[in-house]
Amino acid sequence: MTDFHTKKTSEYESDVVELFEFSLGTTTHKYTSYPGGYIHQGVEYKHHNLGRGGDRDGANLEKMELPVYCDPDFVPIQRYFHSPPSAHMTLTLYEVERSVDEKLQRRFATLSGFTKEEGRVTMVFEPHSTSLRRTGLSQTFSPLCVNRLYEEDVLGCGVIKANFAVPATVESFTDYSLVTNALEGVEDHVYGGGLLEYEAEDGILESRTIISQVGTKISVSMRLYGLDATTPITIYRGCDRLRETCEKEFKAIEFFQGHDTSPDTGPFDGQPIF
């Protein structure tokens, strides 16, 4: 089997396509920076304006962090923003030499942090060969708040749920999704991570986590038992767990439990701290 170094120095170097597979939970999002997208053995990789950090000459790729650049509306990062704090995103990076259509795995890494700038998000992925050896990796600083939205116990974020209740009616529904005109004009993903509540036919108050919201359609975490077209519903917006959203949308910055920045050095970053 031809190794990666040989591939990069082959006469077909300009014909190499990079394929990015971002995995979050049970979903894998497949993209490429190749213009127009790419189909490898019947599998489509959609085009996105992706960029990544260069590899240093002589560097051990298995121990290098990999920065990946994307637009703020990139679907995988939006899904990550609206996921629980315990969610993990991994990246598998492949290269394909178009002349032979052979796919070689180059990197497999876990998202360890990200930064947001004007018009761009930088995701930083750390190789498993280093991250799995760091016993304190789970204790590193995160910009995401760890509080539970709308919860009133000690782990709650202090936001009063009733202040964000939006009464709505059902236009159409399936077992795991519904459409409501109450979301007309609302930006996509605003209600992702939020709640849906309704009183079922048997009089029991049902509650569902909103997995995603695109336009007027929302998808939920569990089957919509006891719901019909005449059932009144109440929806509550979600939170991407960032300081800006907490401060501007929820007015609950005093309860925010995230970090704006990470320290330059620490006991788990592989560098001396003294």
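Biologist: Is arginine 237 buried or exposed?

Modeller: In this predicted model, arginine 237 is buried, with a relative accessible area of 17%.

Biologist: Which side chain does arginine 237 meet in a salt bridge?

Modeller: The partner of arginine 237 is glutamate 249, at 3.4 Å from N to O. Glutamate 249 is partly exposed, its relative accessible area being 41%.

Biologist: Where do glutamate 249 and arginine 237 lie in the chain?

Modeller: Glutamate 249 belongs to helix 4, residues 243–250. Arginine 237 sits in the loop between strand 16 (233–236) and helix 4. The two residues are 12 apart, and the pair links distant parts of the chain.

Biologist: How many salt bridges are there by this rule?

Modeller: The count is seven. One of the pairs is lysine 161 with glutamate 197, whose side chains meet at 2.7 Å, N to O.

Biologist: Which parts of the chain does that pair link?

Modeller: Lysine 161 is in the loop between helix 3 (128–131) and strand 10 (165–168), while glutamate 197 is in strand 13, residues 195–199. They are 36 residues apart. Lysine 161 is partly exposed at 27% relative accessible area, whereas glutamate 197 is buried at 11%.

Biologist: And what about arginine 120, what does it pair with?

Modeller: Arginine 120 forms a salt bridge with glutamate 117, and their closest N and O atoms are 3.8 Å apart. That value counts because the limit is 4 Å. Arginine 120 has a relative accessible area of 33% and is partly exposed; glutamate 117 is also partly exposed, at 46%.

Biologist: Changing topic: what is the strand order in the open sheet of seven strands?

Modeller: The order is 10-16-13-14-15-12-11, with antiparallel pairing.

Biologist: Which strands stand at the edges?

Modeller: Strand 10 and strand 11 (172–173) do. Each has a single partner strand, so one side of each is left without a neighbour in the sheet.

Biologist: How many bridges join strand 11 to strand 12?

Modeller: Two bridges join them, and the strands run antiparallel, strand 12 covering residues 177–179. Serine 172 has valine 179 in strand 12 as its bridge partner.

Biologist: What does the secondary structure of the whole chain come to?

Modeller: The protein chain has four helices and 16 strands. Of its 274 residues, 41% are buried. Among contacts between residues at least 6 apart in sequence, 57% join residues at least 24 apart.

Biologist: How many cavities of 30 Å³ or more does a search find?

Modeller: The search of the whole structure finds two. The largest cavity holds about 40 Å³ of space.

Biologist: Which residues line the largest cavity?

Modeller: The lining consists of Gln78, Arg79, His82, His189, Gly192, Ile211 and Ser212. Helix 2 (75–81) and strand 14 (205–214) each supply at least two residues of that lining.

Biologist: Last topic, confidence: what pLDDT does the chain average?

Modeller: The protein chain averages 80, and 78% of the residues score at least 70. Over residues 1–13, however, the pLDDT is below 50, and this stretch has 17 contacts in the model beyond near neighbours in sequence.

Biologist: Over which other residues does pLDDT stay under 50?

Modeller: Residues 132–140 also stay under 50. For them the model has eight contacts beyond four places in sequence.

Notes: Residues are numbered from 1 along each chain as its sequence is written. Side-chain values use heavy atoms; hydrogens and water are left out. Buried means under 20% relative accessible area, exposed over 50%, partly exposed in between (1.4 Å probe, protein chains only). pLDDT is the predictor's confidence in each residue, from 0 to 100. Contact means heavy atoms within 4.5 Å. Two strands pair if DSSP finds at least two bridges between them. On a 1 Å grid over the protein atoms alone, a cavity is a set of points where a 1.4 Å probe fits but cannot get out, and a pocket is an open set with protein on both sides within 12 Å along at least five of seven lines; lining residues have an atom within 4 Å of a point. Grid points are joined across faces, edges and corners, and a volume is the space filled by probe spheres set on the points.
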